[in-house]
Amino acid sequence: MNENAFLRTDGFYVLESKWYKRNDKLVKPTQYEVYKFYKNGQVNFILLDSLKTDEEYVALMKSQIDEYGKGKNEYTLFQGYYKIQDNKIIIQQVNSVTRKFSYLYGFIEENKFSIVNNTIKGSGSFKDEYFQDNYKGSYSFMPSKIAESILKPNW
């Protein structure tokens, strides 16, 4: 089976819930995290106060991509890279405050993915110790008819 078989690049993954082991409670988000994955291993991220339409997600990400770079020495957590092994995914982002990499460790399912750890540890390695079960952010896939043709990463 293709290791990327479950990861879709023709739309967005939108946060639908968070679960914390310490209180064993499923929580609806107060802010929505939206991810766009590209076939070449790049990923975009936006953080919103409310859910939007496909066109609005595309416009927000396009604006972010157009603004990024422009000759500035920028560090951002909104653009990054991902890698996949079996059903595991690691997203690498730059923490703009510390100028260090942070890593999101998670799992991919059909039309879903989950993040189970966010840390500066592990250097993006696929060790089981980084795929914990103390937290789970669950994301559902939302297809887009326009994202693939309009959004072109520049990092």
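Start by selecting Lys36, which is buried, with a relative accessibility of 0%. The model on screen is a predicted one.

Colour the two elements involved, strand S3 (residues 32-37) for Lys36 and helix H2 (residues 147-150) for Glu148; the pair ties together parts that lie 112 residues apart in sequence.

Next, select Lys88 and Asp128. Here is another salt bridge, in which the closest N and O atoms are 2.6 Å apart. Lys88 belongs to strand S6 (residues 88-95), while Asp128 sits in the loop between strand S8 (112-119) and strand S9 (135-143), so this contact links parts 40 residues apart in sequence. Is Lys88 buried or exposed? Lys88 has a relative accessibility of 15%, so it counts as buried, the cut-off being under 20%. Asp128 reaches 58% and counts as exposed.

Now move to Arg8 and Asp10. Their side chains meet in a salt bridge of 2.8 Å, taken from N to O. Show the surface around them: Arg8 is partly exposed, with a relative accessible area of 27%, and Asp10 is partly exposed too, at 29%.

Conventions:
Residues are numbered from 1 along each chain as its sequence is written. This is a predicted model: local features need pLDDT of at least 70, side-chain atom pairs count only at pLDDT 80 or more; totals for chains, interfaces and linings use all residues. Side-chain values use heavy atoms; hydrogens and water are left out. A salt bridge is a side-chain nitrogen of Lys or Arg within 4 Å of a carboxyl oxygen of Asp or Glu. Buried means under 20% relative accessible area, exposed over 50%, partly exposed in between (1.4 Å probe, protein chains only). Helices (H or I, at least four residues) and strands (E, at least two) are DSSP runs, numbered from the N terminus.
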